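I opened this model to look up its helices and its sheet. My notes are below the view.

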Amino acid sequence: MEFKNLSILQKWYLKYTDKPAYKKYKSQLHAWREEESFKQKTVSIRHPLMGTPDKPVLSFKHSGNSGDIIYSLPAVFELAKNAKVRFYLNVNQPAEYYTYHPLGNVMLNDKMADGLIPLLEHQPQIEAVEKFNGETVDFDLDQFRKYSFPLDRGSILRWYFNVYGISADTSKPYLTAPKDKQYADWLVIARSHRYHMPLIDYGFLKKYPNKVFLGVPEEYKDMKSVLPDLEFKPVNNFLEMATIINSCKLFIGNQSFPFAIAEALKVNRLLEVYYKAPNVIVEGTGGNDFMYQPQFEYSVERLLQQTIL
């Protein structure tokens with residue numbers, strides 16, 4: 001963008017002689033600095049090779065949070081085409097969280113990786129899932145972290161599309177899981193400690209029976225204080241979690257790993273969108289979201305009525 005940066009004296013003069021013009025200048029200055037920062041980061045990027053190698057098996061590495069790994073699957077399957085997939089999980093890579101996170105200071109630990117392996121290996125195109133030990137891979141899915149696009153908005157799964165110059169139909173399921181009839185009447189809730197929309201209260205769900213919580217015990221404790229009849233369902237791995245989500249009447253969650261599973265399965269789902277980081281986008285059949293309490297309550301009633309009809 002065309003922009004002339006004023007000297008200190010010019011800025012001082014403008015501030016005290018024409019306040020509306022000074023306010024406009026400050027806004028333009030902020031936009032110019034953002035654009036310059038974006039350009040500087042962009043020119044330093046080493047872009048990956050575009051296209052897919054002609055191999056019967058293609059390898060992928062990911063070091064990120066479990067949700068990011070699930071959201072990478074549309075790109076993985078699009079890049080793989082008809083090839084089988086070998087997926088490497090790179091554990092214990094450092095992370096910086098500004099609020100509480102159950103993984104502490106890493107993006108993916110051994111326990112989360114062990115939980116993911118059965119779910120990923122259940123996918124027909126994925127041949128094997130292993131922990132990364134320095135192997136050479138065809139696609140490093142961590143590449144998006146080197147890019148200059150903002151990660152707090154838009155759609156997480158499109159980060160990978162933007163890196164590799166691809167696209168895919170993400171309105172259709174890109175994850176499979178078994179179904180279990182015993183969960184057919186359950187309302188499943190998952191709400192992490194991060195990404196709480198202000199003024200949202202789950203207390204009205206007291207009037208609905210058969211509620212179960214998926215997540216960590218600390219998250220369940222917080223939600224049980226609001227919903228005393230809420231049950232807790234520990235799982236041995238994330239294939240079990242996906243089975244519960246794939247079988248339930250309605251899934252309600254915020255921008256956390258269980259919602260990534262619900263979104264990938266395209267079950268009847270309702271997302272609590274966080275206004276400061278709206279980077280999870282619901283797409284396709286069963287997808288609903290909310291940011292405000294009246295719409296939250298109305299959506300739950302509407303969606304549960306639809307499951308009865």
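These entries cover a sheet and the helices around it.

I am working with a predicted model, where local features need pLDDT of at least 70, side-chain atom pairs count only at pLDDT 80 or more, and totals for chains, interfaces and linings use all residues. Residues are numbered from 1 along each chain as its sequence is written, and side-chain values use heavy atoms, with hydrogens and water left out.

**Sheet.** I found four strands in an open sheet, ordered E3-E2-E1-E4, with parallel pairing. Strands (E, at least two residues) and helices (H or I, at least four) are DSSP runs, numbered from the N terminus. Two strands pair if DSSP finds at least two bridges between them. E3 (126-131) and E4 (139-140) are the edge strands, each pairing on one side only. E2 (residues 84-89) and E3 pair over five bridges. I checked Arg 86: its bridge partner in E3 is Ala 128.

**H4.** Is this helix buried or exposed? Seven of the eight residues of H4 (residues 73-80) are buried, so it is largely enclosed by the rest of the structure. Buried means under 20% relative accessible area, exposed over 50%, and partly exposed in between (1.4 Å probe, protein chains only). Among the buried ones are Leu 73, Phe 77 and Ala 80. Just after H4, I noted a positive phi of about 55 degrees at Lys 81.

**H8.** Nine of the 10 residues of H8 (residues 238-247) are buried, so this helix is also largely enclosed by the rest of the structure. I listed its buried residues, including Phe 238, Met 241 and Ile 245.
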